[in-house]
Amino acid sequence: MGAARFPRAARILAKHEFDDAFRAGLSAGSKLFRGLVLAADSARLGITVPKRAVPLATRRNLIKRIVREAFRLRRASLPCFHYVVVARGEIATATPTAVRAEIEKLYDRLAALKPAPAPGTIADLSRAANTAP
RNA sequence: GAAGUCGGCCAGACCGUCGCGGUGCGCAAGCAUCGAGGAAAGUCCGGGCUGCACAGGGCAGGGUGCCAGAUAACGUCUGGGCGGCGCGAGCCGACGGAAAGUGCAACAGAGAACAGACCGCCGAACGGUGUUCGCGACCGCAGACACGGUUGUCACUUGGGCAGACGCGCAAGCGGAUGCCCCAAGUGCUCCAGCAGUGUCGAGGGGAGCGAACAUGCGUGGUCAGGGUGAAACGGUGCGGUAAGAGCGCACCGCGCGCGGGGUCAACGCCGCGUGGCAUGGCAAACCCCAUCCGCAGCAAGAUCAAAUAGGGGAACGAUACGGCGGCCCGUCGUGUUCCCGGGUAGAUCGCUUGAGGCACGCGGUGACGCGUGACCCAGAGGAAUGACGGUUCACGACAGGACCCGGCUUAUCGGCCGGCUUCGCAC
RNA sequence: UGGGAGAUCGUUCAACGGUAGGACAACGGACUCUGACUCCGUUUAUCUAGGUUCGAAUCCUAGUCUCCCAG
């Protein structure tokens, strides 16, 4: 039962963490989203839905819920990355079911990537320690 | 039954599983409980709250604008008045002041604001012109009378010529009255005639001018009834009146003002009485005037705690290392170590939800609303919580997501339910 | 979230409440052998919806959109 939980610690909230992902992460795009991944010690999610892309607050919230719910249900089976999902302008006219299908495909593609950890992070240091000897 | 109108309400429901935010309990695992809206929106008003400013008053600036009430307050709401729309129930209205001032009104039109005369109407008044009539100073022709002048074929005188009855003489001849003959000169106006003149009168005539009637509508005018222009043209109808017209006069209607009744001591103008011939055209979402209201900013307000780093202030320490001021010592300044203080950034906490709170009942009020009693606690996050999956069901679900709070307004919105009222149709 | 500005031809700027005007661009014509330049002419607009006024780009109300500022 605990496997499908999604505590606040599993969320990427701080600006510097977003900045790390944008600077050093690998990206994968689709029609409705752009995804970035960064190697880390646990699977965490950050969502960005620009007001410019989706003017209505209700739709912005709805998109975030769909992305979050999809992540929650398969978090245990995903690799330990930082995932940052950015919504694109076309998403404003998409139906919720289409968004759900799109985000599932995006997670598949992001999970297949082999990103490097952000420099200076704990994951980076431990990996450097492993490869050094 | 149909169409309409007003008011109120709902905003898919239920079950299971997995999740999310707050709170409580718990060492923890977890358990319990609560968890978006009628508009949470736009930010168009108002208030609370917080900080700053402030003796009082005024100016500037801005808002509001029929009256009364409700309210913490409002540009909101309720009731009433007035105006407009609708057969009606009802709906809509920035609805104070244009007899304080300044301004605006394109084009059209005669004229656009103490109006105006284009067409039309009039011919009253003044003038012009024409016709007719009357009066008529004056002129003075015909003519009459009077006066004086002048001339003459008029008159008179003188002279000459001529004629010459008659007388004397033989005769030649002389004398010679006289002269309707001729010539000349002079005088004159008594007569006659002509000429012009003066004075008085003057039928008929002419006639400056005056008056009257008629005509004309030429000039000065009268007129605002009618035509036409415009968004707008200075009360309406009728009769009288007039040159034609006109509130010029009158009647009725309308309007203004005053008084009384009514209405809430109101707006208002329903009724009555009196009065005024009508003044005061429109625009104030033009400036403005009047009345009334408003300090400024906003929870990222504001308050508390407060790391690292840098810098500030203070105290203590070193037998005194280095450097500056001194030739040197003392002294002093800077560099050092420790401690304290204050400002304050990141960060954290408070503000943060018990409130002009909603609910039920009762009472007061036409109503907005108020009062009383009872029981209730109903989001409080900080990148920001409500979703997913499965099932059942229906009318197949619109607009849409809190960010200090509340009262309104405005805008968006699939549909559905309830009630009041109106109009029409049918049946009884 | 709070505060503040603005919207006029395709573009950029004008316009006391009275016919929306330039400049560039576009189109047509003239000039030229052709093009450019130049000259002439034409087309095209008041963000939307109501209201005030005889009349609104202008005044008022509501909405839409854009931009700026604080953080």
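How many helices and strands are there in chain A? There are 4 helices and 4 strands, counting DSSP runs numbered from the N terminus (H or I of at least four residues for helices, E of at least two for strands). Keep in mind that this is a predicted model, where local features need pLDDT of at least 70, side-chain atom pairs count only at pLDDT 80 or more, and totals for chains, interfaces and linings use all residues. As for labels, residues are numbered from 1 along each chain as its sequence is written, while chains are lettered from A and ligands numbered from 1 in the order in which they are written.

**Overall layout**

- Walk along the sequence of chain A and you get the pattern α-β-β-β-α-β-α-α.
- Of the 133 residues in chain A, 27% are buried, meaning that 20 or more other C-beta atoms lie within 10 Å of the residue's own; 12 or fewer makes a residue exposed, anything in between partly exposed, and C-beta atoms are placed from the backbone.
- Take the contacts in chain A between residues at least 6 apart in sequence: 81% of them join residues at least 24 apart. A contact here is a pair of C-beta atoms, placed from the backbone, within 7 Å.

**The RNA side**

- RNA strand B is surrounded by 19 residues, and the closest are Ala4, Arg8, Ala57, Thr58 and Asn61. "Near" means that the C-beta atom, placed from the backbone, lies within 6 Å of the strand.
- Helix α2 (residues 57–73) gives the most to this surface, with 7 residues.
- By type, the surface near RNA strand B splits into 8 nonpolar, 4 polar and 7 charged residues. Nonpolar covers Ala, Val, Leu, Ile, Met, Phe, Trp, Tyr, Cys and Pro, charged covers Asp, Glu, Lys and Arg, and the others, Gly among them, are polar.
- Arg8 sits in the segment before α1, and it counts as exposed because it has 6 C-beta neighbours inside 10 Å. Its C-alpha is separated by 25 Å from that of Ala101, 93 residues apart along the chain.

**Where α2 meets α3**

- The axes of α2 and helix α3 (residues 96–111) come within 10 Å and cross at roughly 40°, which makes α2 oblique to α3. Axes are lines fitted to C-alpha atoms, for helices over the stretch in contact, with angles from 0 to 180 degrees between N-to-C directions. Under 35 degrees is roughly parallel, over 145 roughly antiparallel, 65 to 115 roughly perpendicular, and the rest oblique.
- On the α2 side, Leu62, Ile63, Ile66, Val67 and Ala70 meet Pro96, Val99, Arg100, Ile103, Glu104 and Tyr107 in α3.
- The residues of that contact divide into 9 nonpolar, no polar and 2 charged.
- Thr97 also has its place in α3, and with 9 C-beta neighbours inside 10 Å it counts as exposed. Thr97 and Ile66 are 31 residues apart in sequence and 9.1 Å apart in space, C-alpha to C-alpha.

**Two more residues to look up**

- Arg23 lies in helix α1 (residues 15–24) and is exposed, because it has 11 C-beta neighbours inside 10 Å.
- Ala39 is found in strand β2 (residues 33–39) and counts as buried, because it has 21 C-beta neighbours inside 10 Å. From Ala39 to Thr93, 54 residues apart in sequence, the C-alpha to C-alpha distance is 32 Å.

Definitions and conventions
Two residues are in contact if their C-beta atoms, placed from the backbone, lie within 7 Å.
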